[in-house]
Amino acid sequence: MKFSLCVLIAVAASSADAFMAPKAPAVRTSLNVASLENTRVLKVPVLDEVCETTGVTLKRYMNEVAMLNPELTELTVLFGAIDTACKAITNMVKRSQLPSSETLGYQGEVNIQGEDQKKLDVITNEVLKRALRFTGKMGVLASEEEDVPLDLVNTEKDAIFADTGKYVAVFDPLDGSSNVDAGIPTGTIIGIYDHDENCAMDDESCEGDECAQQELNCLSNTLQAGTNLVAAAYCLYSSSTFFVLTLGAGTYGFTLDENLGEFVLSHPNMKIPETSSIMSFNEANTHMWDEPLQKVVKGWRDGTGKSGQQFSSRYIGSMVGDVHRTLLYGGVFGYPGDTKNVNGKLRLLYEGAPMSFIMEQAGGISTTGTKRVMEIQPEYVHQRVPIIMGSKNDIEEVMEAYAAAE
Ligand code: FBP
């Protein structure tokens, strides 16, 4: 096992553990990145021994994270379930174009946000919901396709699955589903919070409104600010299937090896370029945007912005696809507020906050223009939020324009 001296010193303390658990891999302690709140001090595996055939699988990565950070052991169980659910969904999305699949088109129902649900919205929601429930680690779930959060601890049916109920999951099972019938990339977005165990319902002793209040307390466990996120991930269903996650100590990307049936580490410690020349908005709404943003985007269009670069435009219309490209190539993705929708279109809880956590951990910034998206306290589950995220220097240019306009 190769060590650098400084690591050797750092390891000294834990080498006892290492010797006690000889399989323990070399460690590199991920130190506090002072600039970012909720960046965690996690021992991140170095993974210097890699099997040429399999590479570093997501399972191995999470396993080694748990060996080094035992307090995260239950989280790895959760990611095992999410891993399987995403593989099931990528198969479904890929097969959906086949006449025999009958999974394209609308379900004929409307969700609480007034959106026509696609059949695959409903199916993928069930797949993820069940996968998470069966881990026994969930307290409450909230999904784009569920009108209200689901309490998994206090209902008879789920009690059998409720091992610890340690976590809360918020998710968008099929982001960009308006594109799925055309085979355009779509994705799954998920955020994990700690569950406040003290919100246990005592339906023996509570009566009437008191029960409703206790239930409400439990369900409001989902309404946590992004800075409380324990983990966030997205899965992109595209030419390849990508799984990108953060546990608060950097952002890591995995690609599905279809032969192996495993996600394999392909993008360790992703870092978004600080400056770019790509913008990604639904520019049909430009005329309705805030004046500061219109001014900055005009500068990017004609090459008179801060970087002097003339930007090009890329827009898939699936947040996961547009953010994935932005993380790799740099750029700015956004769905800002406008005169028609002051809070834009994207949902804070299961789109904005998880994707902002991943972006920030890759060195990017995510803002409304005036506020850090991660710090916004959600008031209700399907709350929308203006989002502009991406390369540090370009987003700072936007924030400076908003600040100058105040
Ligand atoms: P859902 O498909 O999950 O509702 O997500 C919303 C979304 O499709 C985002 O993925 C995407 O960024 C945006 O809406 C596209 O909106 P528009 O079609 O107005 O540009």
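The largest pocket receives lining residues from both domain 2 (58-267) and domain 3 (278-405), so it lies between them; the domain bounds come from an automatic or database assignment. The model is predicted, so local features need pLDDT of at least 70 and side-chain atom pairs pLDDT 80 or more, while totals for chains, interfaces and linings use all residues. Residues are numbered from 1 along each chain as its sequence is written, and side-chain values use heavy atoms, without hydrogens or water.

This pocket holds about 490 Å³ of space. Here a pocket is an open set of points on a 1 Å grid over the protein atoms alone, where a 1.4 Å probe fits, with protein on both sides within 12 Å along at least five of seven lines; lining residues have an atom within 4 Å of a point. The volume is the space filled by probe spheres set on the points, which are joined across faces, edges and corners. Of the 27 lining residues, Gly-176, Ser-177, Ser-178, Lys-345 and Arg-347 are the closest to the centre.

Turning to the ligand, one of its oxygen atoms lies 2.9 Å from a side-chain N or O atom of Arg-347. For Glu-144, a polar side-chain atom is 3.0 Å from a ligand oxygen, and for Glu-351 the distance from a side-chain N or O atom to a ligand oxygen is 3.2 Å.

Terms used:
A polar contact is a pair of N or O atoms within 3.5 Å; within protein, one must be able to donate a hydrogen and the other to accept it, and residues adjacent in sequence count only if both atoms are side-chain atoms.
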